[in-house]
Amino acid sequence: MTLPVDRESAVARVEALRAELEHHNRMYYALDAPEISDAAYDALSRELRELEASWPDLVDDDSPTQKVGQTSSAQFASVAHAVRMYSLDNAMDQDELDAWLARVRDAVGDRSCEFVCELKIDGSSLALTYENGALLRAATRGDGRTGENITANASVVRDVPTQLHNPELGSVEVRGEIYMPKASFARLNAEQEAVGAQPFANPRNAAAGSVRQKDPKITASRDLATFMYAIAEPRALGLGRQSDVLAWLRSAGFHVNPDVITCSDESGVREFCARAIERRESLPYEIDGVVVKLDSLALQDELGYTSKAPRWAIAFKFPPEEKTTVLREIRIQVGRTGALTPLAEFDPVTVAGSTIARATLHNEDEIHRKDVRVGDTIIVRKAGDVIPEVLGAILSLRPADAQLWRMPIECPSCGEPVWREDGEVAMRCVNAACPAQRLERLVHWAGRGSLDIDGMGYEIIARLVDQGELHDVSDFYSLGEAALATLDMGRMKQDGAPVVLGGV
Ligand code: AMP
Ligand code: ZN
C-alpha cells in the first residue's frame, strides 16, 4: 500500500485507522463478533504501524499498536496476572522470519542454541492456576495484565484437568490455548443456524464466545479442547528448557500438541514453517502460524521482552489470503461478445504469495451490492490459486468525495451506446465493428480450444491489428512472412524458449 507523503494526510489516515482498529478490537474481544477477517485486521494494523514508523511524532501510548488485546468486560470478575501474559511479535513472511533468526543468532553468539517450533493454535489464551494439584482458577489473557475469571466455565471443559497427576506441588500456573476443533465448529454453526441464531465467524470466535458464557452449561455443550504450552514460572519447578516445560505439562496430565520439534539450527525452523503451511488444511483444528521459541530459558531471560512481546519468540504467520489496498480506478473491459465488465484496478499487493493489482467486479449491480467506490480502502482476497476477488470496502476509511460508480452509457472502445438486454445483468456494446470486441474475438480464435496458434497471444495480435495486417479470423490463414517479420520476435516465452508462430 502506498503511504501518504504529506503530514496532513498521514495524520488523517492515522486517526481513521486508529478509530477503525478500536472498533474492531471491541467487536472481537468484547463481543466475540468480528466484522472483518484477521488478515484484513492485520493489514490495517500493519499500515498504522508503518505510518507510525515514518511519522514517529504521531506515536501515542493509546494507539491500538501499543496495546495487547482489550481490557476485560464487566461480565466476569477480573484477575490480575501475577506474571504478565504477553502477545507475540509476528513474522509475516520468510524474510521477517530470517531477520528474527539473525537477531537471535547475534545475541546468542557462539553459544549453541536450539529452537522449539510449535503450531500456533487459533483459539483463545487460557491461564490455569493449580494449588496443591487442584484447579483453583482459570483466566483469559485480557490485556495481558488483567484477565477475566472464567473458572466456572473452564472447569467444565473435558481437557482441563481439575486434579494434576503430580499433586505434591504448591502453586503452579500453566498457560495455553483453548480452541474448538473444526468438526465441532461446523456442527455448532449448523445447530446455530437450525435455531435461527447467528453463526460464529470462525472457530476461534466460537471458542472465545463459548468460554465467556454466563451459564457454564452452555460452555459444557460446546466441545472445546485445549493445548497447553507454557508455565508462568517454570524455574520454580526446576525446568530449564521449553522442551522440558512441554514434557512436564504432558506428565501432569495436560493436553500438549504432539506436533512440536526441537531443532538445533535455523534451517530446521524454516523447514517446519514451510511444511506447516502445507499441513494446515489437513489438521483437525485451525492454526494461523508457527510459534518459534528459544529452547533455553536462560537465553530467553537474556533476550527479555519488548513492551508487548518476548524477544525470544516469534509467530511466523501464514501468508494472508486477504489484504487491504486502495481502489484507484474502475476500468471497463469489452469482451468478445460485447459484454462490458468493470475491472477494479488497485495498488499492487502481495496476497497468498503473488502480487495482484486488478480483479473483476462483474457488473454494476455487484459494485453497488459490495458498495465499493474509487478511492476506497478495499479488502481483496486470493485463496491459493483462486482468482483475485474484491470482498468489499472499509466504509469508515472512504474519502469524502468518493462517487457512486455508474456504468458508462457508451462503449469505451467504439463510442456506440451500450444496452442492457431484458433479463440480463450485463451491459453490451452491440456494434459488430467494435475494435475491442474484434480484438477479443481474434485472441479467442488464436487461442487454445480453437486454432491454437502457438505464440499468437494478446500482444502480438493487438500489434498485427494495429498494423492493419489482421482484420478477421480468415486473415490468420493468409498472414505472410512479411507481416510477421515486422514484429519484434526476439522475445522469449517464460520458460526461456523463443516465441515461434504457428509452430514453424
Ligand atoms: P496474537 O494473539 O497474534 O498476539 O498471538 C499471541 C497468542 O498466540 C498468544 O497469546 C497465544 O494465545 C497464542 N498461541 C497459540 N499457540 C501458541 C503457542 N504454541 N505458543 C505461544 N502462543 C500461542
Ligand atoms: Zn464497442
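**Aromatic pairs.** I searched the whole structure, a predicted model, for aromatic pairs and found 8. I counted rings of Phe, Tyr and Trp (its six-membered ring) as a pair if their centres lie within 6.5 Å, with planes under 30 degrees apart as stacked, over 60 as edge-to-face and the rest as tilted. Y86 and Y305 form a stacked pair, at 4.1 Å centre to centre and 25° between the planes. I placed Y86 in the loop between β1 (78–80) and β2 (90–91), and Y305 in the loop between α10 (297–303) and β11 (313–317), so the pair ties together parts that are 219 residues apart in sequence. Helices (H or I, at least four residues) and strands (E, at least two) are DSSP runs, numbered from the N terminus. I noted that Y86, Y305 and W312 form one aromatic cluster.

**Accessibility.** I looked up Y86 and found it partly exposed at 27% relative accessibility; Y305 is partly exposed at 38%. Buried means under 20% relative accessible area, exposed over 50%, and partly exposed in between (1.4 Å probe, protein chains only).

**Helices α3 and α9.** I found that the axes of α3 (residues 94–108) and α9 (residues 266–279) come within 11 Å and cross at roughly 155°. Axes are lines fitted to C-alpha atoms, for helices over the stretch in contact, with angles from 0 to 180 degrees between N-to-C directions. In contact (heavy atoms within 4.5 Å), Q94, L97, D98, L101 and R105 of α3 meet E266, V269, R270 and C273 of α9.

**Conventions.** Residues are numbered from 1 along each chain as its sequence is written, chains are lettered from A and ligands numbered from 1 in the order in which they are written. Local features need pLDDT of at least 70, side-chain atom pairs count only at pLDDT 80 or more, and totals for chains, interfaces and linings use all residues, while side-chain values use heavy atoms, with hydrogens and water left out.
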